[in-house]
Amino acid sequence: MEEHAPRFNLSIVSSDVEVGGARLSAESALSDEEIAIAHWWVLINCEEVKYWKELHLSFPEVDGDLEYHNMTFANYFRTWMDMIKSDDNPNWSHELLLLAMQPQRARVYPTCTVNGVKFVSEERDSRRRTQNSGVMAKGHGLDYYGVLHSVVELVYAEGMKVHLFKCRWFDTGAQSMKMDQYGNLSVNTATSAYEDDPFVFATSVKQVFYLDDLARGDAWKIANIVHPRNIYRAATLGVTIPGPEADAYQEPNALGIHDVATVRQNNVKHGRVLRIRDEDSTFIDVDPNEETDDDSDDELRHRLQDINSDTEEDSSDDSDYEP
């Protein structure tokens, strides 16, 4: 199956987002006020709306008043899009007109996959052994940490969809976030903040894994940002999606893992137990602090050479093996 370009040419509409799981119950549905807040958040953070936002802020009646701007911009934007749609204005587009018309409905889901990374709501994550609800969003000079409450799908006219994460953010104050001498960030997960600003684009967050902070205890958790390993979209790679019989694409040695020979040499050099995969496993204990004479050194060297020789012969016998 070939990948298609997004139908709607807006930076906030992404084909990399796939919602999952049954829609959440009515108790989790967004209120009319929350939908209005989500729509406002989309408008002020959409790159294509930036021109109109700055124009509105320059109006004499607004005069840079952010509170008044936030209260009135959505209505101004809707009026402008209707008025200039036939004026060939370079800052107008059909997608912006759809966006100005406000969402027709809002759907709420418990899970979501963003560019191959799975996110799960905090409530559902609490019943699982794995952890996929931690999130981090970058702000202006500050990183925000929290957990995913739910996945919100705003549906505009003609089926244009914008995906948001509704999050429970932790407090970012100095008393709630601590950095140790090794660069580990610990967060007090019993705190909360930004209740009136819970939304973020699904494509702009990173997944976080929270580990217990044994030094501080209680609700303190060490935040570890998850770095997905070699996840690529076929369109990005410029390759055809393989069929069932084709070999899967794999980045060669993308993680910087040493080859087996290097690992073997380093193990011997630093006095570790040498483990070589073989039907009859051979273990050699080398104590780096033990003084040895030349004869014992020669004996050890010969034993290692014999083992390596046997391993190479075994490898040659397996050369025709196909996984």
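Colleague: Which residues make the nonpolar surface patch of about 220 Å²?

Modeller: Phe209, Leu211 and Val226 make that patch. The model is a predicted one.

Colleague: Where is Phe209, and why is Phe209 called partly exposed?

Modeller: Phe209 sits in strand β11, residues 205–212. Its relative accessible area is 34%. Buried means under 20% and exposed means over 50%, with partly exposed in between. So Phe209, at 34%, counts as partly exposed.

Colleague: What makes Lys166 and Glu34 a salt bridge?

Modeller: The closest N and O atoms of Lys166 and Glu34 are 2.8 Å apart. The cut-off is within 4 Å, for a Lys or Arg side-chain nitrogen and an Asp or Glu carboxyl oxygen. The pair therefore qualifies as a salt bridge. It links distant parts of the chain: Lys166 is in strand β7 and Glu34 in helix α1 (residues 32–44), 132 residues apart.

Colleague: Why is Lys166 called buried, and why is Glu34 called partly exposed?

Modeller: Lys166 has a relative accessible area of 15%. Buried is under 20%, so Lys166 is buried. Glu34 has 22% relative accessibility, so it counts as partly exposed.

Colleague: What is the setting of Lys166 in the strands?

Modeller: Its bridge partner in β10 is Phe199. Strands β7 and β10 run antiparallel and are joined by three bridges. Strand β7, residues 161–169, is mostly covered, with seven of its nine residues buried.

Colleague: How do you know that Arg107 and Glu153 form a salt bridge?

Modeller: Their closest N and O atoms are 3.2 Å apart. That is within 4 Å, so the pair counts. Arg107 and Glu153 are both buried.

Colleague: What stands opposite Glu153 in β7?

Modeller: His163 does. Strands β6 (residues 143–155) and β7 pair in the antiparallel sense over nine bridges. Their hairpin has five residues between the strands, and there Glu158 takes a positive phi near 65 degrees.

Colleague: What makes Asp82 and Arg78 a salt bridge?

Modeller: The N to O distance is 3.4 Å. The limit is 4 Å, so the pair counts. Both residues lie in helix α3 (residues 66–83), four residues apart, about one turn of the helix.

Colleague: Why does Asp197 count as partly exposed?

Modeller: Its relative accessibility is 35%. That falls between 20% and 50%, so Asp197 is partly exposed. Asp197 forms a negative surface patch with Glu33, Glu195 and Asp196.

Definitions and conventions. Residues numbered from 1 in each chain as written. Predicted model: local features only at pLDDT ≥ 70, side-chain atom pairs only at ≥ 80, totals over all residues. Heavy atoms only, no water. Patch = residues over 30% accessible without salt bridge, like charges linked within 9 Å, V, L, I, M, F, W, Y side chains within 5 Å. Areas by Shrake-Rupley, 256 points an atom, 1.4 Å probe, with all protein chains shown as cover. Lys, Arg positive; Asp, Glu negative; His and termini not counted. Charge placed at Lys NZ, Arg CZ, Asp CG, Glu CD. Buried < 20%, exposed > 50% of the residue type's maximum accessible area, 1.4 Å probe, protein only. Helix = DSSP H or I, 4+ residues; strand = E, 2+ residues; numbered from the N terminus. Pairing = 2+ DSSP bridges.
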